[in-house]
Amino acid sequence: MARRTEIICSHLPRCRVFADVGCDHGYMAQYALRQGLCERAYITDISAESLKKAESHLRREIERGVCIPVCTDGLKGLPETPDCVLIAGMGGAEIVRILEGSGIPGAFVLQPMANPEKVRAFLSRHGCLVTEDYTFRDGRWYDLIAGRRTGGEPYTEFEILFGRGNLRAPSEAFLSKLKKEEKKLRRQLTVPALSAKNREKLRQRLTLLEAVTDAIEEDL
Ligand SMILES: C[S@@+](CC[C@H](N)C(=O)[O-])C[C@H]1O[C@@H](n2cnc3c(N)ncnc32)[C@H](O)[C@@H]1O
């Protein structure tokens, strides 16, 4: 199992009904079922082709009736509400759109590929309790956000931008991600043809990142 898949799966809580949305190959639902983390798992994908891959990996579980494949957008049309939902490998805006449509599940594990700040702002706005919110590295960088529907404290603006866990306990992975972006911004700022407006935007972002990395390095 790839390190990314392993890390994501390590955050899956025990539940009765699990759903792996955008399951593609279905490895994560397979993990949940084989580890006995849930009684049954819905695997959904908007692409029939992708769902076929999962159906072939999970053939035995589907035959036993503990895995139910559904070709759908997000969680639309499921016959019951899952206790725990995993959405990994999609953009943050898409994750928010899916959760807005279905309602926030009792427990969730989310791994946005882009715009994690949209996911954090959404969860914070709805009072969710975020128990994990950090960046990890497996070749590239990934954000992992897990928690429960209720009981959370609102996020600050900085926490929304960078992740509460990253700010409270900064990791090497998080620091290296910031430094890589800083390097990219410095390179972009050397381009002479940059408009004044874009130059200002890049400068502001760089100043913000430098403030965060300086604060982290002072604490290390
Ligand atoms: C990059 S794959 C991620 C697969 C797996 N979840 C993972 O993290 O390794 C994204 C999958 O999400 C599916 N997908 C995209 N938008 C979706 C939606 N709105 N509802 C269900 N599945 C969706 C795609 O068809 C694709 O199979």
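User: What makes phenylalanine 108 the bridge partner of valine 85?

Analyst: In this predicted model, valine 85 is paired by a bridge with phenylalanine 108, a residue of β5. This bridge belongs to a set, for 6 bridges join β4 to β5, and the two strands run parallel. Two strands pair if there are at least two bridges between them. With 6 bridges, β4 and β5 are therefore called paired strands.

User: How do you know that β1 and β4 pair?

Analyst: The reasoning is again a count set against the cut-off of at least two bridges.

User: What makes β4 a mostly covered strand?

Analyst: A residue is buried if 20 or more other C-beta atoms lie within 10 Å of its own. In β4, 5 of the 7 residues are buried, so the strand is described as mostly covered.

User: Why is threonine 81 called partly exposed?

Analyst: Threonine 81 has 13 C-beta neighbours inside 10 Å. A residue is exposed at 12 or fewer and buried at 20 or more, and partly exposed in between. The value of 13 falls in between, so threonine 81 counts as partly exposed. This residue is located in the loop between β3 and β4.

User: How do you know that the buried residues of α6 line one face of the helix?

Analyst: The buried residues of α6, a helix of residues 116-125, are Pro116, Val119, Arg120, Phe122 and Leu123. Seen down the axis of α6, they fall within an arc of 165°, so they line one face of the helix. They pack against α5, β5, β6, β7 and α7. Just after α6, glycine 127 takes a positive phi of about 70°.

User: Which residues of α5 are buried, and what do they pack against?

Analyst: The buried residues of α5 are Gly92, Glu94, Ile95, Val96, Ile98 and Leu99. Their packing partners are β1, β4, β5 and α6. Glycine 103 follows α5 and has a positive phi, near 90°.

User: Which elements give two or more residues to the shell around the ligand?

Analyst: The ligand is surrounded by 16 residues, of which the closest are Gly22, Asp24, Ser50, Ala88 and Gly89. The elements that give two or more residues to this shell are β2, β4 and α5. The most comes from β4, with 3 residues.

User: How do the residues of the shell divide by type?

Analyst: The shell around the ligand holds 6 nonpolar, 6 polar and 4 charged residues.

Key. Residues are numbered from 1 along each chain as its sequence is written. This is a predicted model: local features need pLDDT of at least 70, side-chain atom pairs count only at pLDDT 80 or more; totals for chains, interfaces and linings use all residues. A residue is near a molecule or strand if its C-beta atom, placed from the backbone, lies within 6 Å of it. Helices (H or I, at least four residues) and strands (E, at least two) are DSSP runs, numbered from the N terminus. Ala, Val, Leu, Ile, Met, Phe, Trp, Tyr, Cys and Pro count as nonpolar, Asp, Glu, Lys and Arg as charged, and the others, Gly among them, as polar. The arc is that of the directions from the helix axis to the C-beta atoms. Two residues are in contact if their C-beta atoms, placed from the backbone, lie within 7 Å.
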